[in-house]
Amino acid sequence: FTTFDHGDIELEIDFMMPKGSNSGIYFQGRYEVQLFDSWQVKEPSFADCGGIYQRWDETRPEGQQGSGGIAPSVTACKAPGLWQHMKVFFRAPRFDVNGRKLANAKFESVFLNGYLIHENVEVTGPTRAAFFADERSTGPLMIQGHHGPVAIKNIHYKSYTHDSLKMTDL
């Protein structure tokens, strides 16, 4: 977890994974962009590198608990053991003064190794394995270690307030 909380954020990060490794970056500790060895995957799913992970509801019938995952538009993943670069523009959910949600969180754009893989993707709530089950206007970045190692370097971010520059203006 980061020691700071963020709302709207622009994040750039380099990562490297061995064959078969699986991890993720959770914006506000709630909304996951998948890090996964997806080298040479022909038809990516939400579970592949750069995917916006699905939501999970234990109360739904067996085999139907997951919903809402978004696959990257293309497989832009490099071979295992190579450094990869991700750039994300994330817009935090919006709330009124009484705490009622006015707008969903949104991945305005996600780039993987220079390829635009997501644009204007709304998430209606926290994705599976989120640290927080609720939604707020801020929260920490969380890097998940899951089913194998991941190396991270060159983390750069710009945090924005709701009243400052719109992410789409960048």
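**Figure 1. A cluster of rings around F27.** In this predicted model, ring pairs join F27, Y31, F90 and F107 into a cluster. Two rings of Phe, Tyr or Trp (its six-membered ring) count as a pair if their centres lie within 6.5 Å, and the planes make a pair stacked under 30 degrees, edge-to-face over 60, and tilted for the rest. By this rule there are eight aromatic pairs. Take F27 and F107: their ring centres are 5.5 Å apart with the planes at 85°, so this pair is edge-to-face. F27 sits in strand β3 (residues 22-27) and F107 in strand β10 (residues 105-112), so the pair ties together parts that are 80 residues apart in sequence. Strands here are DSSP runs of E with at least two residues, helices are runs of H or I with at least four, and both are numbered from the N terminus. F27 and F107 are both buried, where buried means under 20% relative accessible area, exposed means over 50%, and partly exposed falls in between (1.4 Å probe, protein chains only).

**Figure 2. Strand β3, wrapped up on both faces.** Six of the six residues of β3 are buried, so the strand is largely enclosed by the rest of the structure. On one side you'll find N22, G24 and Y26, on the other S23, I25 and F27, and all of these are buried. Six bridges join β3 to strand β4 (residues 31-36), and the two run antiparallel. Strands count as paired if DSSP finds at least two bridges between them. Within this pairing, I25 has V33 of β4 as its bridge partner. The hairpin of β3 and β4 has three residues between the strands, and Q28 takes a positive phi there, near 60°.

**Figure 3. The five-stranded open sheet.** Reading across this sheet, the strand order is β11-β10-β7-β2-β14, and the pairing is antiparallel. At the edges are β11 (115-123) and β14 (151-160), each pairing on one side only. From one strand to the next, the twist averages 15°, based on axes that are lines fitted to C-alpha atoms (for helices, over the stretch in contact), with angles between N-to-C directions running from 0 to 180 degrees. Inside the sheet, seven bridges hold β2 (residues 8-16) against β7 (residues 84-91), and these strands run antiparallel.

**Figure 4. I13 and its surroundings.** I13 lies in strand β2 and counts as buried, at 3% relative accessibility. Its bridge partner in β7 is M86. Leaving out residues up to four places away in sequence, I13 touches I25, Q84, H85, M86, I143, I152, K153, N154 and I155, with contact meaning heavy atoms within 4.5 Å. I13 and N154 are 141 residues apart in sequence, yet their C-alpha atoms are 5.6 Å apart in space.

Figure 5. D8 belongs to strand β2 and, at 3% relative accessibility, counts as buried. A polar atom of the D8 side chain lies 2.8 Å from the backbone nitrogen of A92.

Figure 6. F4 and Y157 make a stacked pair, 4.4 Å centre to centre with 15° between the planes. F4 is in the segment before β1 (5-6) and Y157 is in β14, so the pair ties together parts that are 153 residues apart in sequence. Y157 is partly exposed, with a relative accessible area of 41%. As for the charge, the charged end of K153 sits over the ring of W83, 4.3 Å from the ring centre; to count, NZ of Lys or CZ of Arg must be within 6 Å of the centre and within 35 degrees of the ring normal.

**Figure 7. Two loop residues with positive phi.** N113, in the loop between β10 and β11, has a positive phi near 55° although the residue is not a glycine. N113 is buried, with a relative accessible area of 18%. A129 is in the loop between β11 and β12 (139-140), and its phi is positive too, near 70°.

**Figure 8. The whole protein, for orientation.** The protein has 14 strands and zero helices. Of its 170 residues, 42% count as buried. Among contacts with a separation of 6 or more, 63% are between residues 24 or more positions apart.

**Notes for all figures.** Residues are numbered from 1 along each chain as its sequence is written, and side-chain values use heavy atoms, with hydrogens and water left out. Since the model is predicted, local features need pLDDT of at least 70 and side-chain atom pairs count only at pLDDT 80 or more, while totals for chains, interfaces and linings use all residues.

Methods:
Polar contact = N/O pair within 3.5 Å; in protein donor to acceptor, adjacent residues only side chain to side chain.
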